[in-house]
Amino acid sequence: MNKKLDPGLRSKLRAKQAAGPAATAAPKPRSRAKGDTKSDQVGVIVAFTGDVADLTACGFVQRTIVRHPRKGYSVATGTITFDRLDDLAAIPHVTTVEGPRRMHRELNFSLKEIRATAVHTGPLSRKGKGVVVGIIDSGIDWRHGSFVDANGNSRILAIWDQMLPFRAGDTRGPNNIGVVYNQDQLTRALKGQVRVRTKDVDASNHREGHGTHVAGIAAGNGRPPTCCHVSQTYVGVAPEAELIVVRYDYTDDEEIGENQHLIEAVDFIFGFLESIDRPKVINISQGDNLGPHDGTNAVELAIDAHVETGDFLHHPQIVVKSAGNEGGMLRHVQGRVPGNGNLDIEFEMPKGRRSDALLDLWYDRAGTLNLTVTAPGGVATGVVNHGTDLPANAAAPPFVANPTARANRQTHVAVDGTINGEHDRNNNFRITVERPRRGTILDGSWKLTLANPNAGAVDFHCWIERGSNTPWFLPPKTPDDGKVRASLDATLSIPGTASQVITVANHASRTSRCDCWPSTGIFSSSSRCPVARGAATNRKPDIAAPGLEITSAKADAANLRGRCCDCCPDACCCLYEDLTGTSMAAPHVAGAIALLLEENPRLTRADIVRHLQATARDQPAGGWDATWGGGKLNIQAAIDAVRAAAAGGGGVGGGGGGGIPRIHPPSGLDASFQRDPKASAFTETPAPFTSWLRTLRERLQDYPEGEHVAAAISRHFSEARRLINSNRRIATMWHRAAGPALLRRLLHGPSAGDGPLPIARESASRYLDRCLDLLAQQGSPRLRQSLGRYQSFVSMLLTERITATIESRTMSQP
């Protein structure tokens, strides 16, 4: 079995193979019941460096793809049948194939704590206007007044509900997953004109509206008053930002979605706004414990590619992630196995666990470790050697931890070993304690024994996957008794170890209920650094923000009845509620970044981190540590630093045009766009930008691939405009080709005031080709790819077609 498949996929594939050929072969299309695809297909994330066509030739059905602008790798999500997994992994340029894994949630006064109140007031106030905040979570209560403006219009540009089944009249989501609602539909639904079915509460499991609360912290406007509090008491950090929300698939109170759907959600938010010249920041308040914790997980590689693409294009695409609440959960251990020695790791399996328990052990790439698993009662596996699996193949019998139990109540254990992995990863054993067909997993004290056959010591980390009623390692003990015990260090959840993610720790602060929490204390559950590998250059967390008892919007408030004061002494539970965790800390930072991007929309991720850390309060010694990151968020000081840098010239994101002629969208689009920052390429409202794109599509509809060319121009317009405005050579060629006049005439034909073109067609064509060549050289990989395919077509459109139009009109005149 190919080791490029992650341990979870190998385990699933081995189980399919053990069940017989019928279990792995794709059924005939006619025999598949509607929606019955999970038994034969699996969602995967594929990292590769070559042509995606090689993947599709193996049966991979692509959903999304993101390419890193500098490092040469791509990450794609999609589906494939189990029987083609080995074929997919065998492609030489495929580096890793990861299977589905569940992510887990990471659950007034805080605005003053981060100094946002001061930023909201005064003549130079900043409230996030012109910036879009993306929320990937359990959904949002779109009816809540915190997400409605003073005119009764929704502040949410779009909601993609990945869970909602399609019905007639709906707009399908990307790849026919779920349903998308746009801003116009949401506004009309607020006025009772249409029905919108998406929500953030499920009566069947009593979810408390995690996504609504997170969105309210980042960008709620706090307009709804309560019985005892006036309007705008519970205001978010960026109350004038707009939102895009992805309602993330979940299965229960703890699990919130699969990793490949997270990539697709990030791609949707950044892709939705790709043709609009506006900065974006996404908040992710969930994570998981499985993976190397070194920034090379497939989700992390995809996020890195998105963020660095935004930096490359000077159109910020920022991702903020909660550090995690693993600090005191006893789900991580680390240590060193001495040369030619053994080491035991004990963990406790709780009573009543009815789902698989996963442990992920990573050890030095240059080292060798062998593993033995011992179950309660003393039954042990044989030695699982470095880089091998248990069972060794699908035909081998499984290890049974309780062999005297009935067959349907036996607990099986599988081990998947991986060595010399891609991205210079450490070696790995994934241990899966499988749930029996009936009953619960064998509870009690389990043990992992690590044996080092060589003279050199080997360092290791081991994490237990998150969830409810999980196993736990031995708690810390003083004095040290020599046993391997749980560690607070290296507890960041994935994708919080990605190099380009801004990771946020959770500190205590004054709350609406209590003044007793120390204002300087990190909250005990907040996850800590270092990352497992590469900690010297990938320092996490980046910053700390309030996460204790944060009051924010409460989901399903519109359906509550009665007087608030009858149900809560604080008189605000009907519309707002308090939640705690790094889930609440992260949106404070996401909202703060929206304020920074309103001040300077060209800040890169590195600029933002530098300003946040340099201006933080209570900075640790040396400016950073593994608990606090750079210190406590101080957005007022960060805004001041951005302004100072711009005023000093040559500062962050500054710079002038240097006399380069500016390119503006045709027909006054640039001015219209500045007047109406709400213009959206997705909404049905005919904003100036969408009108221009609609005109372009109409003019190209009679040409082969005309619709594709129009989409490509729409996708790359902002980047091309930026390059023309900032690169003298490109600008020179563009204006020598009479580019503005050519573009205007393409859309509207020659008007009476235009006069003749200032250049012959042959000269215009020559200069235009040179301009397009330079755009390909200086542009992103996506722009380069599109120009490689459509450059001659675009040149023809802007020269030959316009000349033909002019000649036709001239000949028709009397």
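Throughout this passage, a residue is called buried when its relative accessible area is under 20%, exposed when that area is over 50%, and partly exposed in between, with a 1.4 Å probe and protein chains only. The model is predicted, and local features therefore need pLDDT of at least 70 and side-chain atom pairs count only at pLDDT 80 or more, whereas totals for chains, interfaces and linings use all residues. Residues are numbered from 1 along each chain as its sequence is written, and side-chain values use heavy atoms, with hydrogens and water left out.

Most residues other than glycine have a negative phi, and most peptide bonds are trans. N469, however, has a positive phi near 55 degrees although it is a residue other than glycine, and it is found in the loop between β23 (458-464) and β24 (472-473); strands here are DSSP runs of E with at least two residues, helices are runs of H or I with at least four, and both are numbered from the N terminus. With a relative accessibility of 37%, N469 counts as partly exposed. N176, also not a glycine, has a positive phi of about 60 degrees and lies in the loop between β8 (171-172) and β9 (179-182), where its relative accessible area of 55% makes it exposed. The loop between β25 (502-507) and β26 (543-546) contains P530, and the peptide bond from C529 to P530 is cis, with omega near 5 degrees. P541 is likewise placed in the loop between β25 and β26, and the bond leading from K540 to P541 is cis with omega near -5 degrees.

Helix packing is described next. Helix α11 (residues 582-599) and helix α13 (residues 635-647) have axes that come within 10 Å and cross at roughly 20 degrees, the axes being lines fitted to C-alpha atoms over the stretch in contact and the angles running from 0 to 180 degrees between N-to-C directions. The two helices are therefore roughly parallel, a term applied to angles under 35 degrees. In this pair, A592, L595, L596 and E599 of α11 meet I635, A638, I639, V642 and R643 of α13, where contact means heavy atoms within 4.5 Å. The residues of this contact comprise seven nonpolar, no polar and two charged.

Helix α12 (residues 605-614) is mostly covered, since seven of its 10 residues are buried; these are R605, D607, I608, V609, H611, L612 and Q613. The buried residues of α12 pack against α10 (298-313), β14 (317-322), β25, β26, α11 and α13.

Two further buried positions can be described individually. H332, in strand β15 (residues 332-337), counts as buried at 1% relative accessibility. Its side chain is joined to that of H461 by a polar contact of 3.0 Å. L774, found in helix α19 (residues 761-778), is buried, with a relative accessible area of 4%. L774 and M733 are 41 residues apart in sequence, yet their C-alpha atoms are 9.0 Å apart in space. Neighbours within four places in sequence aside, L774 is in contact with R729, I730 and M733.

Terms used
Parallel < 35°, antiparallel > 145°, perpendicular 65-115°, else oblique. Nonpolar A, V, L, I, M, F, W, Y, C, P; charged D, E, K, R; others polar. Polar contact = N/O pair within 3.5 Å; in protein donor to acceptor, adjacent residues only side chain to side chain.
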